[in-house]
Amino acid sequence: MSSAEFSHVTVLLDEAVDALDVVPNGVYIDGTFGRGGHSRLILSRLGAEGRLVVFDKDPQAVAAARELARQDGRVSVVHDGFSSFQTALDALEIGEIDGALFDLGISSPQIDDGSRGFSFRFDAPLDMRMDTTRGMSAAEWLAQADEDEICEVIRNYGEERFARQIARAIVAQRGTNSIDTTGKLAEIAAKNVRTRERGQDPATRTFQAVRIFINRELEEIEAVLPQVAGRLKTGGRLAVIAFHSLEDRIVKQFFRRHSTPEPLPRWAVVREAERPQPPLEIVGRAVKASAAEVAANPRARSAVLRVARRTGGAFVPDKKAV
């Protein structure tokens, strides 16, 4: 089955692009091209001198992005993850930008293509790499990681209560039967998750955890946010759509840290207007998909959109930022 046969319904399409407040001749980033829903709407609002840079790890998404770039000279394509943001913009000779949008996590085509190994709904090779041209597959990692590492990944990235039992079972089974398909991993989870959330498959949290780890998803988010904030023009917007609490927590905390004025010493006598301005200003409240959108696209139910605007305040990256 070709990639064209897998449909992708863009989540929070209008809300996310509206949040960018697109300037016709501006420079914008779509950090997760997917199948180009957000990108095409951004392009429709850009003028002839506008520019859009799209990123994606997935070779199929990159192929779709390059086809769009052939049709529209305003588009530049980067086949890489978020953490290459500054390097990629430098290579494209782009300095400041007017806005950036990140639609985090996994796309519908990746889930629906059983051969990619993301879903327990299909029995397929256990790959889970968003970029199949590089890195270690999930099966390769599970074949060599020790029990403690597997447990830590499933507990921290999947928030799975039975992480230890699942990790122990994986190590025990791989001695005689390699865990190289989605069906084998899902079966281990089913046998070791003693209680589950209503309507949730027992393998859900394990698959989420392994996928996040293999693709360094949280590290990529932590790396890109300060890079974007440092490139935004005054008044530029950063919009991020997260799909689970681990992603959203990183975004929320970053926005909060950099939109809160630095505390002053007790002895300082400074007028409020003279206090150093924080570099970001949170725009509105977090936005969730409407009931109508969730009814039409159930995968939108967990989506959360957060938006921040760059102020004139100096941006100083966190010491731990990549």
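**View 1. A salt bridge links Glu-159 and Arg-249.** The closest N and O atoms of Glu-159 and Arg-249 lie 4.0 Å apart. A salt bridge here is a side-chain nitrogen of Lys or Arg within 4 Å of a carboxyl oxygen of Asp or Glu. Across the interface of domain 1 and domain 2, the rule finds three salt bridges. This is a predicted model: local features need pLDDT of at least 70, side-chain atom pairs count only at pLDDT 80 or more, and totals for chains, interfaces and linings use all residues. Residues are numbered from 1 along each chain as its sequence is written, and side-chain values use heavy atoms, with hydrogens and water left out.

View 2. Helix 11 gives the most, with four residues. Helices (H or I, at least four residues) are DSSP runs, numbered from the N terminus, and so are strands (E, at least two).

**View 3. The area buried between the domains.** Domain 1 and domain 2 bury about 1,200 Å² between them, and carbon and sulfur atoms give 50% of this. Buried area is the accessible area (1.4 Å probe) that two parts lose on being put together, summed over both. In domain 1, Lys-57, Glu-217 and Leu-246 lose the most area to domain 2, together 42% of what that side buries.

**View 4. The whole chain, with its two domains.** Domain 1 covers 13–108 + 217–310, and domain 2 covers 122–215; these bounds come from an automatic or database domain assignment. Their centres, taken over C-alpha atoms, are 30 Å apart. How many helices and strands are there in the chain? You can look for 13 helices and eight strands.
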